[in-house]
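Here is a short briefing to read with the model open beside you. It starts with the contact between the two parts of the chain and then turns to the overall picture.

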Amino acid sequence: MKIKDIGEQGLLKKIQSFCPHDIIGDDAAVLSPDSQKQLVVTTDVLVDGVHFSDVTTPPHSVGWRAIAANLSDLAAMGASPLAVTVGLALDGELSVDWVEQMYQGMSSILAEHNTAIVGGDICRSSVTTVSITALGQVSPKHIIRRSTAQPGELIVVTGDHGMSRGGLELLLNPSLGTNLPQQQRDIFLSAHQYPQPRLDLLRYLWEIMETTVITGMDSSDGLGDAVLQICASSGVGAQIQLSSLSSVSMISQWFSAEQALNWVLYGGEDFELVLCLAEEKAKKLVEIVGKEGKIIGKVVEEKSVILMDGNQQKSLNLAQSFQHFS
């Protein structure tokens, strides 16, 4: 069954089954955020052929990834999610089953974070487009910004970078990684198709931010891009130790060292956190979160970002990361 067979009202009826019945139904949703917190709003647009495709992303994963990208932005601000809205532009020839599977993917990840879809919009388009707006809330003292990094602070990252790009490459080029064990292949694929926003770490960050500022953002456009963006916003520079990027050595077991380093720094869509904080607090954070946290370098006064490999140095810049329209 195609969308054109049931029309707009028929599709809306199916979509509304994924929303709380006591909130939707009027022209807009009415929410009650905590009066002691500030509202955080973020929007991401995903376009067929740019952010997903039938080759790399089944509809369930499209829905999951669309939500994950927005929840990651909330986590990067130190905010917990309140609700999301979904805007869809769809071709009438698209199957209704595809849309329902996408909403099932959205509902799956939202259920993990006790968050609901509270509205949205649909329209006709020749290109399938998904636009998510996520609403979150955060205490003023727990807001994480990009512009507050100070020289002497350490840089902490969560998770393993480069995995999502590895998964994408395996999906686009099935002949790659012929010596890759199936279990490891599945880890790469899951990292790309079902990323996990780091909302799980917020309680640790809030605890530390009771006494100190944390600067940061997520690594949706790559680890290198995140460090560069933070440094540009804060008017500082950074030194990153190659030896601390454990994902490089792990990925290079199955792919070239050059590929591994490029994927870790610029692969993007890992949706991890990149944070700058005082040395004592950085070490405490890593101790608390265990293997999910790593110190990869430090913030410096000189306004350049340098990758250190023993006595060798390499400058990083935004031209090396993914940029739309370039």
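Between domain 1 and domain 2, about 1800 Å² of area is buried, and carbon and sulfur atoms give 60% of it. Buried area here is the accessible area (1.4 Å probe) that two parts lose on being put together, summed over both. This is a predicted model, in which local features need pLDDT of at least 70 and side-chain atom pairs count only at pLDDT 80 or more, while totals for chains, interfaces and linings use all residues. Residues are numbered from 1 along each chain as its sequence is written, and side-chain values use heavy atoms, with hydrogens and water left out.

**Domains**

- The domain assignment gives domain 1 as 3-138 and domain 2 as 153-315; such bounds come from an automatic or database domain assignment.
- The centres of domain 1 and domain 2, taken over C-alpha atoms, are 27 Å apart.
- To the contact (heavy atoms within 4.5 Å), domain 1 brings 22 residues and domain 2 brings 19 residues.

**Polar and charged links across the interface**

- One salt bridge is found across the interface of domain 1 and domain 2, where the rule asks for a side-chain nitrogen of Lys or Arg within 4 Å of a carboxyl oxygen of Asp or Glu.
- Eight residue pairs, both at pLDDT 80 or more, are in polar contact between domain 1 and domain 2. A polar contact is a pair of N or O atoms within 3.5 Å; within protein, one must be able to donate a hydrogen and the other to accept it, and residues adjacent in sequence count only if both atoms are side-chain atoms.
- On the side of domain 1 that touches domain 2, helix 2 (59-76), strand 2 (80-90) and helix 3 (96-112) each give two or more residues.
- Helix 2 supplies the largest share of that side, eleven residues.

**Whole chain**

- The chain has ten helices and eleven strands, taken as DSSP runs (H or I, at least four residues, for helices; E, at least two, for strands) numbered from the N terminus.
- Along its principal axes, the C-alpha trace spans about 65 × 55 × 35 Å.

**Salt bridges**

- Twelve salt bridges turn up in a search of the whole structure.
- Lys4 pairs with Glu93 in a salt bridge, with 2.7 Å between the closest N and O atoms. Lys4 sits in helix 1 (residues 3-16) and Glu93 in the loop between strand 2 and helix 3, so this pair ties together parts 89 residues apart in sequence.
- Glu269 and Arg65 also meet through their side chains in a salt bridge, at 3.1 Å from N to O.
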